[in-house]
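Please keep the sequence and the coordinates at hand while reading.

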Amino acid sequence: MRWMAWVASWWVAAAAVAETAHTFRFDPPGPPEEPGAVSVAGTFNGWSPTATPMTDADGDGTFEVTLDLPDGVHHYTFVADGTWLNDP
């Protein structure tokens, strides 16, 4: 019975974590060439350089992705064609 109460309290606590949409934008510095693949790596995806790809859906040269992240501090960096870059 204690085990069931613990599971129920964990589930309620997990369900109560608030999330907020965060949009990451990477505007490459420009010529000589635009990057072929851009992603964002951070504490929210285990610092994976490929888990969260970004796209330039509207063709304006800025790569974007929107993620629902738990409220709090999230550290991140951009990865363009395999090169890790700080947010300019």
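Strand 5 is largely enclosed by the rest of the structure, because four of its five residues are buried. The model is a predicted one, and the description that follows should be read with that in mind.

The strand, which covers residues 76-80, belongs to an antiparallel pair with strand 6, and three bridges join the two. With strand 2, strand 5 again pairs in the antiparallel sense, here over five bridges. Strand 5 and strand 6 form a hairpin in which two residues lie between the strands, and Asp81, in the turn, has a positive phi of about 50°.

Four strands make up an open sheet in the order 3-2-5-6, and their pairing is antiparallel. Its edges are strand 3 (53-54) and strand 6 (83-85), each of which pairs on one side only.

In a regular strand, side chains alternate between the two faces of the sheet.

## The largest nonpolar core

Which residues make up the largest nonpolar core? The set has 11 residues in all, namely Phe24, Phe26, Val38, Val40, Met54, Phe63, Val65, Leu67, Leu69, Phe78 and Ala80. Two or more of these residues come from each of strand 1 (19-26), strand 2 (38-42), strand 4 (63-70) and strand 5, and it is strand 4 that gives the most, with four residues.

Leu69, a member of this core, is in contact with Ala18, Glu19, Thr20, His22, Phe24, Phe44 and His74, once its neighbours within four places in sequence are left aside.

## Val40 in strand 2

Val40, which lies in strand 2, has a relative accessible area of 0% and is therefore buried. When residues up to four places away in sequence are not counted, Val40 touches Phe24, Asn45, Ser48, Thr52, Met54, Val65, Tyr76, Thr77 and Phe78. Among these partners, Phe24, Met54, Val65 and Phe78 are also listed in the largest nonpolar core.

How far apart are the C-alpha atoms of Val40 and Trp84? They are separated by 9.2 Å, although the two residues are 44 residues apart along the chain.

## Thr77 in strand 5

Thr77 lies in strand 5 and counts as buried, because its relative accessibility is 8%, where the limit for a buried residue is under 20%. The side chain of Thr77 reaches the backbone oxygen of Leu85 at 2.4 Å, and Leu85 falls within strand 6 (83-85).

Leaving aside neighbours within four places in sequence, the contacts of Thr77 are Ser39, Val40, Ala41, Trp47, Trp84, Leu85 and Asn86.

## The salt bridge

Side chains of opposite charge can pair when their charged atoms come close. In this model the count comes to one salt bridge, and Arg25 forms it with Glu64, the closest N and O atoms being 2.9 Å apart. Since Arg25 lies in strand 1 and Glu64 in strand 4, the pair ties together parts that are 39 residues apart in sequence.

Is Glu64 buried or partly exposed? With a relative accessible area of 30%, Glu64 is partly exposed.

Technical notes: Residues are numbered from 1 along each chain as its sequence is written. This is a predicted model: local features need pLDDT of at least 70, side-chain atom pairs count only at pLDDT 80 or more; totals for chains, interfaces and linings use all residues. Side-chain values use heavy atoms; hydrogens and water are left out. Two strands pair if DSSP finds at least two bridges between them. A nonpolar core is a set of buried Ala, Val, Leu, Ile, Met, Phe, Trp, Tyr and Cys residues joined through side-chain atoms within 4.5 Å. Buried means under 20% relative accessible area, exposed over 50%, partly exposed in between (1.4 Å probe, protein chains only). Contact means heavy atoms within 4.5 Å. A salt bridge is a side-chain nitrogen of Lys or Arg within 4 Å of a carboxyl oxygen of Asp or Glu. A polar contact is a pair of N or O atoms within 3.5 Å; within protein, one must be able to donate a hydrogen and the other to accept it, and residues adjacent in sequence count only if both atoms are side-chain atoms.
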